[in-house]
Amino acid sequence: MLFPTHLVAAAGLGRLVANQPRETDIAVKGRSWPALSTGWLVLGAALPDLLDKPLGLLEVTTLFHSIGHSVLLLPAVILLAVRGKRGVAIAIGWASHLMLDAVHVVINGRPSDALFLGWPVVVPPTPPAIPPGEFVWFYLGTPSSYVEVVLWVAVGALVVRSLRTSRDAGEGA
Ligand SMILES: [Zn+2]
């Protein structure tokens, strides 16, 4: 997916978690989700492209999805997550980026491109290998680009709802 969409999705995730009333936090095995910082979620979601696009552009790697988009990074991400809430937010943001990129290639009928997740052990057999700027024109109008539009609208609706909720709470106080 496009870089800004990863940031918007992570911000939406942050908003979604922030909107959980404390007394009804999503409980998992008796524990509740910690409130996660939107900033760290967004940073985590930015990381794969911040790492891999320059590597690809500088021709250090032949693909634009490499180390930052690989599950090979998982042990490091887990180590980060166990250090605290910031690490958890970065890890979730990072994972959301990988998931959305995998969903994008599957929706666009190139499921084998999702093999980027296994870089460098496995790599996509016929990756598009289009530089990030050019990629936008290649990508617009594909089914996945419409999914991105839906995502932006959903996050926009979430932000409007939470602004209204906090305004109403302010009026009620
Ligand atoms: Zn990506």
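**Reading the features**

Tutor: Let's start with E59, which sits in the loop between α2 and α3 (74-81). Helices are DSSP runs of H or I with at least four residues, strands are runs of E with at least two, and both are numbered from the N terminus. Keep in mind that this is a predicted model: local features need pLDDT of at least 70, side-chain atom pairs count only at pLDDT 80 or more, and totals for chains, interfaces and linings use all residues. Residue numbers start from 1 along each chain as its sequence is written.

Student: Is E59 buried or exposed?

Tutor: You count other C-beta atoms, placed from the backbone, within 10 Å of the residue's own: 20 or more is buried, 12 or fewer is exposed, and in between is partly exposed. E59 has 7, so it is exposed. Its backbone deserves a look too: phi is near 60 degrees, a positive value in a residue that isn't glycine.

Student: What about D49, buried or exposed?

Tutor: D49 is in helix α2, and it counts as buried because it has 22 C-beta neighbours inside 10 Å. Setting aside residues up to four places away in sequence, D49 touches F3 and H6; contact here means C-beta atoms, placed from the backbone, within 7 Å.

Student: Zooming out, how many helices and strands does the protein chain have?

Tutor: The protein chain has six helices and two strands, running α-β-β-α-α-α-α-α from the N terminus. Of its 173 residues, 26% count as buried. Among contacts with a separation of 6 or more, 67% join residues 24 or more positions apart.

Student: Which residues have the most contacts inside the largest nonpolar core?

Tutor: A nonpolar core is a set of buried Ala, Val, Leu, Ile, Met, Phe, Trp, Tyr and Cys residues joined through C-beta atoms within 7 Å. The largest one here has 20 residues, and A9, A10, L36, L41, A45, A89 and I92 have the most contacts inside it. Two or more residues come from each of α1 (3-18), α2 (38-57) and α4 (85-107), with α4 giving the largest share, eight residues. Beyond its neighbours within four places in sequence, A89 is in contact with L36, S37, W40, L41 and G44.

Student: At what angle do α1 and α2 pack?

Tutor: Axes are lines fitted to C-alpha atoms, for helices over the stretch in contact, and angles between N-to-C directions run from 0 to 180 degrees. For α1 and α2 the angle is about 155 degrees, with the axes 8 Å apart. That makes the two helices roughly antiparallel (under 35 degrees is roughly parallel, over 145 roughly antiparallel, 65 to 115 roughly perpendicular, the rest oblique). Residues making the contact include F3, H6 and L7 of α1 and T38, L41 and D49 of α2.

Student: And at what angle do α1 and α4 cross?

Tutor: Roughly 130 degrees, with the axes coming within 10 Å, so α1 and α4 are oblique to each other. H6, A9, A10 and L13 in α1 meet I92, G93, S96, H97 and L100 in α4.

Student: Which peptide bond is cis?

Tutor: The one from W119 to P120, with omega near 0 degrees. P120 lies in the loop between α4 and α5 (132-139).

Conventions. Contact = placed C-beta atoms within 7 Å.
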